[in-house]
Amino acid sequence: SRLGRLLQDQGKLFEAEPFRREAYAACRDSLGERHEDTLDALASLAGLLKVQGKRAEAEALYLQVLAGQREIFGDRHKTTLATISNLGSAFQDQGKLDEAEPFLRESLAARREMLGNVHKETLVSISKMGLLLKDKGRLLEAEALYREALTARRATLGDRHPSTLVSMSTLGGCLRDQGKPD
């Protein structure tokens with residue numbers, strides 16, 4: 001597992017894959033399908049496959065991980081929520097926007113409920129939902145979310161924080177796409 005992570009961190013994505021697969025198989029064989037470590041190993045493999053561009057395979061693995069995490073941790077555990085968000089992004093990356101939306105909405109709603117509206121993970125979920133809505137052509141809804149994220153980041157991080165600047169840029173792009181250059 002550690003060697004796979006090291007190779008992945010070094011950008012050696014295809015060299016990392018056999019080690020990620022071996023780590024998952026070893027956990028599954030020794031701990032079972034529904035053990036936390038097995039699910040972590042499977043999620044790591046899914047993440048690697050996603051960055052390799054094997055999005056359909058990553059999607060299938062994320063669905064397995066999510067089923068196990070919901071069973072073990074429940075719907076509102078931080079690990080489950082991360083997988084829900086990752087799965088939504090995996091669908092979105094494949095252009096499956098309608099399939100992505102319920103996952104991204106669930107992640108956002110749960111993070112708002114559990115962490116509040118200005119927590120960094122909530123703000124990431126707000127931004128992801130905004131991007132999905134923008135991709136679906138729902139620019140006014142996306143704009144509202146981008147404005148919310150920018151306001152919260154300005155209040156919590158200041159105007160010059162990299163996350164605030166990204167929020168400014170995404171809002172600006174959304175406004176430009178709406179024909180509002182001013």
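1. **A residue to start from.** Gln92 sits in helix α5. This is a predicted model. Is Gln92 buried or exposed? Gln92 has a relative accessible area of 11%, so Gln92 counts as buried, the cut-off being under 20%. Leaving aside residues up to four places away in sequence, Gln92 touches Leu97, Ala100, Leu104, Lys128, Leu131, Leu132 and Asp135. Find these residues on the model and you will see what surrounds Gln92.

2. **The overall fold.** How many helices and strands does the protein chain have? The count is nine helices and zero strands. Read from the N terminus, the order of elements is α-α-α-α-α-α-α-α-α. The C-alpha trace spans about 60 × 35 × 30 Å along its principal axes. The protein chain has 182 residues, and 39% of them count as buried.

3. **Contacts and surface.** Take the contacts between residues at least 6 apart in sequence. Of these, 50% join residues at least 24 apart. The accessible surface of the protein chain is about 9,500 Å². Carbon and sulfur atoms account for 53% of that surface.

4. **The aromatic pair.** The model has one aromatic pair. The ring centres of Phe91 and Phe103 are 5.5 Å apart, and their planes meet at 20 degrees, so this pair is stacked. The angle needed for stacking is under 30 degrees. Phe91 belongs to helix α5 (residues 78-93) and Phe103 to helix α6, and the two are twelve residues apart. The pair thus links distant parts of the chain. Phe91 and Phe103 are both buried.

5. **Checking the length of α8.** Helix α8 covers residues 139-157, which makes 19 residues.

6. **The buried side of the story for α8.** Which residues of α8 are buried? They are Leu139, Ala142, Glu143, Leu145, Tyr146, Ala149, Leu150, Ala152 and Arg153. Their cover includes α6 (97-115), α7 (120-135) and α9 (162-177).

7. The side chains of Arg147 and Glu143 form a salt bridge, at 2.9 Å from N to O. Both residues lie in α8, four residues apart, so about one helical turn separates them. The two ends differ in accessibility. Glu143 has 10% relative accessibility and is buried. Arg147 has a relative accessible area of 39% and is partly exposed.

8. The structure holds 23 salt bridges. One of them joins the side chains of Asp177 and Lys134, at 3.0 Å from N to O. Asp177 is partly exposed at 37%. Lys134 is partly exposed too, at 24% relative accessibility.

9. Asp159 forms a salt bridge with Arg154, and their closest N and O atoms are 2.9 Å apart. Asp159 has a relative accessible area of 39%. The value for Arg154 is 41%. Both residues are partly exposed. Salt bridges that share partners also join Asp98, Glu101, Arg105, Lys136, Arg138 and Glu141 into one network.

10. **A nonpolar patch.** Which residues form the nonpolar patch on the surface? Leu3, Leu6 and Phe19 do, with about 250 Å² of accessible area together. Leu3 lies in helix α1 (residues 2-9). With 42% relative accessibility, Leu3 counts as partly exposed.

11. **A loop histidine.** Where is His35? His35 lies in the loop between α2 (13-31) and α3 (36-52). Its relative accessibility is 30%, so His35 counts as partly exposed. His35 and Gly68 are 33 residues apart along the chain, and their C-alpha atoms are separated by 8.2 Å.

Methods:
Residues are numbered from 1 along each chain as its sequence is written. This is a predicted model: local features need pLDDT of at least 70, side-chain atom pairs count only at pLDDT 80 or more; totals for chains, interfaces and linings use all residues. Side-chain values use heavy atoms; hydrogens and water are left out. The expected span of a helix is 1.5 Å times one less than its number of residues. Buried means under 20% relative accessible area, exposed over 50%, partly exposed in between (1.4 Å probe, protein chains only). Contact means heavy atoms within 4.5 Å. Rings of Phe, Tyr and Trp (its six-membered ring) pair if their centres lie within 6.5 Å; planes under 30 degrees apart count as stacked, over 60 as edge-to-face and the rest as tilted. Patches are made of residues with over 30% relative accessible area and no salt bridge: like charges are joined within 9 Å, nonpolar side chains (Val, Leu, Ile, Met, Phe, Trp, Tyr) within 5 Å. Accessible areas come from the Shrake-Rupley method with a 1.4 Å probe; for residues, only the protein chains shown count as cover. A salt bridge is a side-chain nitrogen of Lys or Arg within 4 Å of a carboxyl oxygen of Asp or Glu.
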